[in-house]
Amino acid sequence: MEKFGRYPRYYIETMGCQMNVYDSEVLAGHLENLGYQEARALEDADVYILNTCAVRKKAEEKVYSRLGKLKSLKDRKKEMLMILWGCLSQQEQAAQGIKRRFPFLDIIGGTHSLGRFPELLEKADSSKNTILDLEEGAERENLPIKRGHPFKAWLPISFGCNNFCTYCVVPFVRGPEQSRPSNIILQEAETLARSGYKEITLLGQNVNSYGKDLDEDIDFAKLLARLDPIPGLAMIRFMTSHPRDFSQTLISVIQRGENICEHIPLPLQAGSNRILEKMNRGYTKEAYTELVQAIRNEIPGVSITTDLIVGFPGESEKDFQDTLNLVNTLRFDAAFTFIYSTRKGTKAAAMEGQIDPEIKKKRIMILNERQNRISLETNQRLIDTRQTVLVEGTSKTDPQMFTGRTRTNKLVHFPAKKDVLGKIIEVKIMEAGAWSLKGAYTQTISHCL
Ligand code: SAH
Ligand code: SF4
């Protein structure tokens, strides 16, 4: 398709989590199918998409500030189609407000509308008004995709979430949990492996409740066990696993698996039983601790990372200390820490005892300081060990400096004389920081190539 005497171009900006990154790859796939090409810069685009996140207020504010700036671009380039997509758009009230405040938007599409994107684009071409599409029920399978990476791929195994943790907006914007049939996932993984992909990351809000809604004899452990032998897939990762649904069988499958990576993202959220209950997480700190111990006993060298929220409504100094104590005892490899953010429509938003922002800030600083020290110490223990790494990129400033990730999902920077990009190699760890490691290339592991 030629428009303006050349191929039309698109530019997508993605905020938020890996599921959004995947959705943006599908949007790009649709556009390429329609004859669009990727633009190098936003100003060169004929179609611009902002794929939004709504999980915390900060993400939402970033969207509004971006929209403010886009207005002047639209004034200059009236023919550019501007599209707001994703989790923030999916919230009816937010979407209506955005439509009123930013009438220059051509389409506001929610997470459920992915399968309808081509129709929406066609409608927008001939309409002067903003098209709002938040309906559920569009097709999610057999959609085109333009993957952002040549040897690492995202592979969703389920969409949505049924957990309704009281602070979280995800079940509202992504809908109920829907597992994808296992044969579709296996076929997709095989196709990826045949096309040279070496790493897949299975995505789901709660991967280990996978399959509960399906009419087949499947669960996450079985799915992993079937993916493990696919030739060519050297690294199989997943995110995120919910502590409540983590079975003993799953631990054994990860332990036995040849290509299943020894990294377990296991969000704790809080170390106080009182707060965990108010969050509706469905486990106690004792049960969580036992799970961590069982995982560490069975999977040598495993890394466990977590998510933590400070300042949940009613969190007392004692509750916060409980979190700090658990962080001290469990010694996570890394933690993503968040300040509790009120999300409209969630149960926690209506709870009493909202915490003063200054206290929240103080708590997160103390927590980060503590965790950074633990991450550093944990990483230092890797010095002089040899680690298998998939090389995923080079430094922007030095083409002989490479970066890769260990099976335990640690970022390693290392120099290499030959081109090792996309290869599975071995590095010796020389230095450690809290966030990354420095290594030396030792050898290419050829049997995986
Ligand atoms: N499904 C994943 C989490 C998705 S959201 C899981 O259950 O593990 C990613 C992280 O954002 C959560 O683990 C939580 O720590 C954080 N988060 C979610 N809602 C939040 C809120 N309202 N305020 C602060 N952090 C939040
Ligand atoms: Fe949100 Fe809880 Fe579902 Fe994770 S499990 S997406 S935190 S509701």
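Leaving aside neighbours within four places in sequence, with which residues is leucine 202 in contact? In this predicted model, where local features need pLDDT of at least 70, side-chain atom pairs count only at pLDDT 80 or more, and totals for chains, interfaces and linings use all residues, side-chain values use heavy atoms, without hydrogens and water. Residues are numbered from 1 along each chain as its sequence is written, and ligands are numbered from 1 in the order in which they are written.

Leucine 202 is in contact (heavy atoms within 4.5 Å) with Leu155, Ile157, Val207, Phe220, Leu224, Leu227, Ile236, Arg237, Phe238 and Met239, neighbours within four places in sequence being left aside. Together with Phe220, Leu224 and Ile295, Leu202 touches the most other members of the largest nonpolar core, which has 67 residues. Such a core is a set of buried (under 20% relative accessible area, 1.4 Å probe, protein chains only) Ala, Val, Leu, Ile, Met, Phe, Trp, Tyr and Cys residues joined through side-chain atoms within 4.5 Å.

Ligand 1 is surrounded by 15 residues, the closest being Arg56, Gln205, Gln269, Asp307 and Ser341; a surrounding residue has a heavy atom within 4 Å of the ligand. Polar contacts, pairs of N or O atoms within 3.5 Å, include one of 2.9 Å between a polar side-chain atom of arginine 56 and an oxygen atom of ligand 1. A polar backbone atom of serine 341 lies 2.8 Å from a nitrogen atom of ligand 1.

Ligand 2 is surrounded by Cys161, Asn163, Phe164, Cys165, Tyr167, Cys168, Val170, Pro171, Gln205 and Arg281.

How values were computed:
Buried < 20%, exposed > 50% of the residue type's maximum accessible area, 1.4 Å probe, protein only. Polar contact = N/O pair within 3.5 Å; in protein donor to acceptor, adjacent residues only side chain to side chain.
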